[in-house]
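Hello,

Here is the structure I promised to pass on to you. Have a look around first, and then read my notes below.

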Amino acid sequence: MARTIPPERWRALEPLLDGALTLAPEQRAAYLDRACGADAALRAELEGLVRDCEAGESLLTRPAAAYTPLPEPSVPPLLADRYRVRRELGRGGMAAVYLADDEKHGRPVAVKVLSADISHAIGAERFRREIDVAARLSHPHILPLHDSGEDAGSLYYVMPFVAGESLRDRLRRDERLPVVDAVRIAREVALALDYAHREGVVHRDVKPENVLLQDGHAVVADFGIAHAVARGVGDRVTATGLVLGTPAYMSPEQATAAHDLDGRSDVYSLGCVLYELLTGRAPFVGATAQTVIARRLTAPPPDPRALRADVPAALASVVTRAMATDPGDRFATAAEMAAALDGASRGISAARARPRVNGRLTTLGVGVVAVAAVAAGVAALAALGRRASSPALDANVLAVAPFDVLDPSLALWKEGMVDVLSRTLDGAGPLRAVAPSTVVRRWHGRADAASARALGASTGAALVVYGGIERAGDSARATITVYDAAAGRSLGEAERVDVASRMDRLADSIAVAVLRELGRSRPVGATRLEAMRARSLPALRAFLVAEQFYRRALWDSARVHYEQAIELDSSLGIAYTRLAESVFREQGPDVHEKVAALTRLALAHRRGLPPRDSLFLTLDSQYLSAVHPATPSALVDAARPLVATAAELVRRYPSDPEAWRYDGDVWRDVAGAVELKADRSILALYDQAIAADSSFEPAYESAIDLSGVVDGAPSTRRYLRALTARGATGDLAQFTRLVTALLDRPLSTAEARRLVDSLPPAVVLRAMLVFHTTPDQTETAVQLGRALLERHATTLDAEDLFGARIFLLRALLFRGHLRESAKLLHDLPFLDRPDYAELATYGVVNADSADGRFRTWVRRGEVLSGLSMLAFWTQRRDAAALGAYAAAADSVGRADRSPVLRRLATYTGAAARAYASLARGDSADALRRFRALADSTCPTCDWAGMQRARLLLAAGRDREAADLMATAYGHARLPVTTNTRDVLWVLLRARAAERLGRAREATDDYAFVATAWRTADPELAPYAAESRAALARLTPERPAGSVVPARPPGR
């Protein structure tokens, strides 16, 4: 079962995890002793994360037959033949909670399943015996236990499902509570604790997560697990250091593993919770659990008035007394604390009781971005959280919240209404609907005004639609509210009823009601109700089920249900677009042909598509044209509108993670034909997607591919750890473990063979993509590619075979294996002209054959597909051939219809004349001509940029050369074209830096070259030797033969 770690929890765990992973395994126990102190739950969680992050290590050492990872223990779909599990609600250090249907009584329930370790430690008999005590508790503010038992080796207990929010959810939304609300909630918790204490039960884990809010009142949950574990395990676990509780809230005696805890320990924890409700922060904070506990033991209880002036003195006294270090100085009972809260509340005026508009509603969007940044663990995201203020709510953006649905027979429509109404209302006049996937992941709580305000703040939507659906016999009744999140008021309410078998018709009537209410205050114009109109309700149901699988990245399940929807209604255009994306994500055989076919079908049935889906479909069509162009002109013609469409998508839907990810893919894969964007800027687009939705896996995948080039392995590790923490599954989990392992240790040939025998080809190919520009000692990408083709060339499908060959070709060129590259080039189904011309320049393909082929291209006017042929003729000092090329380019420039290609042809003609001057030996004229070239005309003309840098260095114009090479090829992009020119560019940059006295920069760049070309072919070996000699000069203290770690080529 996938682990889900909340963003705020990841914020605390990540620095501790980083610290553990930087140490040798034998040093970690002592480090965890210091970091975790007596918090065994924290220690167990960190040890589990360390194991997850290093699970890839076993991929390199275990027998091939053992490579398939063992699945985590799963909960049966039907637990105890009674509870049908729907989905996971949350997970902690000792248990996971699932939403399930109680088939005996027809009601939704929450089932808490203890972890395998805890279950084993307690034992089934003792667990049942001890939890019976907690099950007898009956109090208005205690969540009761319905049932408990054991199934498939897992211990569980069953509670009512509370559709509201937790106190932690409320704090996330409002930061701190109005004083009157804080006092009321704390008093209700105190009364619940007092009752439990009188029944002999100490909670041991009072914290905001364990206080649920039902109709605004507190209900304390989880008496069961704490009591059963504490009494059931007893000395056998405390002897090993297990301390139940959460460091931020546990009492000093609990933190020191005292055995005789009484109710005063819970009183202390409640005091901590009350302090946080009033101030918005825990009373004691620190980098580690040990630090928090130490401060609790040595510092006096903090006064909440230091952070909030409107807290009455009497209430502050309640807080500090409850948190007294010595139990004897606290309230003797929770009832006594409740009475003190009663007394303190009498001094709170009605004015103080009113919620204060303190800017939180206008900054919550930034808070969400910052939390997502922490969850991703990516430094680049942190900048997003430091904006001066959050974006203002857009009056034309509307978010449809998940509906409150209690009847299991209507559960599909909790999210289903989000899908249907969002697509129906999107494009009604000026309205733009927030993407359903964004809404579902950002929605917390229940259908009420407070949750609507929070959703509006986190999505930028000024309009929020929320409501509920309940069953009444054969009918379904929907109540809706149209809420103005900017003004904080309801715009209107409505109720609609229809037969439960026609939920599609009910959805249409809800949409009409929403538009009617909006039409009272703004012009929305006419709208169509066919955006989600299917010919049959079963087709719509299948589509909605597929959407829920899609949002959870369960691509195979989504695909099956999209196909079912299309089978039931072949005109449902939206189903084709989503099926195409699911097929692409699965990456099966002939994936591009299948996606292209589905995109054509979607275009044929696009009538009635809402604007967002229509934009995505347009992008899909344009993208396919751009990545498979018939001619260079076709590429340029496709790239410009593709860039414009992607920009329009993020402009209209700035909270949509899919829009940001697509924009990044466009710039990474296609837009370079007309304009280059810095790799760091492209990575920032993926970071924007993660900030919009920290659980959106495709954005992490794209970021991992690029992060190593931008910031090196540490950046890649942060993305990998974030994916590990959020519980990646399937191929993505294997990819994450594999790359994590390969980042930390060299790969041998034998290990590479075992890996390709044991892992899916798609996983190996993705790993090659990560490493193909990494100058690691063992040439990981080359090793994997060679092993994959050596052992599986005859069994790979055509798509994977082509991917393996092209990825290996890129890696071989980057590492300087010229002859092996030339051989592989002939195995491709087409001739890669730039790579062929590059190899010809080094003399590893027949020079006469290359010359004849190049001249044929020029006669045909094909002068834009092999610019590196200019360097070939320059080496041969063939000024006549260069002149013929320039004339052909001029002719193309006059005839081509595309303005971009006309400018590019003019540029290449001018570059050919500069090379001709060089071929004639006139370096001064050549430099003048190269300096006159308009770099922005040809962003990827790297040969011309490098030749200009060489001439500048030869002329002693070192600073000008260094300025040129501060960015790759004189542009704002790092050198990642994955060929020899990348490394040569870094070498030229190293020479300039050394001449200017920039020893650190020169050392980094020389180390990069020396490592990248450590085993390069003879043509490149002199450059590696030059770099090693330079390193010896610059770092004389370096032992002979040692390697300076190579940093990424960009600065």
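This is a predicted model: local features need pLDDT of at least 70, side-chain atom pairs count only at pLDDT 80 or more; totals for chains, interfaces and linings use all residues.

Let me begin with the salt bridges, of which the structure holds 64. In one of them, Glu-547 pairs with Arg-423, with the closest N and O atoms 3.0 Å apart. The two partners come from distant parts of the chain, 124 residues apart: Glu-547 sits in helix 23 and Arg-423 in helix 19. Glu-547 is buried at 1% relative accessibility, and Arg-423 is buried too, at 4%. Both also belong to a network of salt bridges whose members include Asp-419, Arg-578 and Asp-656.

Another pair, Arg-981 and Glu-838, has its closest N and O atoms 2.7 Å apart. This one links helix 47 to helix 39, across 143 residues of the chain. Arg-981 is buried at 7%, and Glu-838 is buried at 0%.

Asp-665 counts as buried at 8%, while Arg-668 is partly exposed at 28%.

There is also an open sheet of three strands, in the order 7-8-9, with antiparallel pairing. Strands 7 and 9 are at the edges with a single partner strand each, so one side of each has no neighbour in the sheet. Helix 8 packs on this sheet, touching strand 8 and strand 9.

Enjoy exploring!

Best wishes

Notes. Residues are numbered from 1 along each chain as its sequence is written. Side-chain values use heavy atoms; hydrogens and water are left out. Two strands pair if DSSP finds at least two bridges between them. Helices (H or I, at least four residues) and strands (E, at least two) are DSSP runs, numbered from the N terminus. Contact means heavy atoms within 4.5 Å. Axes are lines fitted to C-alpha atoms, for helices over the stretch in contact, and angles run from 0 to 180 degrees between N-to-C directions. A salt bridge is a side-chain nitrogen of Lys or Arg within 4 Å of a carboxyl oxygen of Asp or Glu. Buried means under 20% relative accessible area, exposed over 50%, partly exposed in between (1.4 Å probe, protein chains only).
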